[in-house]
Amino acid sequence: MPKHEFSVDMTCEGCSNAVTRVLNKLGGVQFDIDLPNKKVCVDSEHSVDTLLETLGKTGKAVSYLGPK
């Protein structure tokens, strides 16, 4: 599966829990959350646009950093 890296403006455990919740709802993803560096690495067949839209549902600022 392609790996994608995103920057997500997470400041606490609650923020990372929100990311976990929206990605688990999407399904078909494996991911690692790096809270100190505000990065989320996602393994998924979903398009980057779909992943950006999904991560955006957290209400946090999200940007695509590129393939990993």
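A: Happy to! Start with the order of the elements: read along the sequence, the protein chain follows the pattern β-α-β-β-α-β. Helices (H or I, at least four residues) and strands (E, at least two) are DSSP runs, numbered from the N terminus. Keep in mind that this is a predicted model, where local features need pLDDT of at least 70 and side-chain atom pairs count only at pLDDT 80 or more, while totals for chains, interfaces and linings use all residues. Residues are numbered from 1 along each chain as its sequence is written, and side-chain values use heavy atoms, with hydrogens and water left out.

Q: How many helices and strands are there in the protein chain?

A: The protein chain has 2 helices and 4 strands.

Q: What radius of gyration does the protein chain have, and what would a compact globule have?

A: The radius is taken over C-alpha atoms, and the globule rule is 2.2 Å times the number of residues to the power 0.38. For 68 residues, a compact globule would come out near 11 Å, and the protein chain has 10 Å, which agrees. The C-alpha atoms fill a box of roughly 30 × 20 × 15 Å, taken along the principal axes.

Q: Which residues of helix α2 are buried?

A: First the idea: buried means under 20% relative accessible area, exposed over 50%, and partly exposed in between (1.4 Å probe, protein chains only). In helix α2 (residues 48-56), the buried residues are Leu51, Thr54 and Leu55. Looking down the axis of α2, these buried residues fall within an arc of 95°, so they line one face of the helix. That arc is the one of the directions from the helix axis to the C-beta atoms. The face of α2 turned away from the buried side carries the exposed residues Asp49 and Glu53.

Q: What covers the buried residues of α2?

A: Here we need contact, which means heavy atoms within 4.5 Å. The cover includes β1 (3-8), α1 (13-26), β2 (29-34), β3 (39-44) and β4 (62-67). Across the protein chain, buried residues make up 32% of the 68 residues.

Q: Is Ser16 buried or exposed?

A: Ser16, which sits in helix α1, is buried, with a relative accessible area of 7%. Leaving aside neighbours within four places in sequence, Ser16 is in contact with Met10, Ile33 and Leu35.

Q: How many disulfides does the structure hold?

A: A disulfide is a covalent bond between the sulfur atoms of two cysteines. Here it is counted as a pair of cysteine sulfur atoms within 2.5 Å. The structure holds 0 disulfides. Cys12 is in none, and the nearest cysteine sulfur, that of Cys15, is 3.6 Å away. Cys41 is in no disulfide either, its nearest cysteine sulfur being that of Cys15, 19 Å away. At 36% relative accessibility, Cys12 counts as partly exposed, while Cys41, at 10%, counts as buried.

Q: What is the phi of Lys38?

A: Most residues other than glycine have a negative phi. Lys38 has a phi near 55°, a positive value in a residue other than glycine. Lys38 lies in the loop between β2 and β3 and, at 32% relative accessibility, counts as partly exposed.

Q: Which residues does the UniProt annotation "domain: HMA" cover?

A: According to the unreviewed UniProt entry, that annotation covers residues 1-63. UniProt positions are given in the numbering used here, feature names are shortened, and annotations may be inferred rather than shown by experiment. In the model, the end C-alpha atoms of residues 1-63 lie 20 Å apart, and the span is 37% helix and 32% strand.
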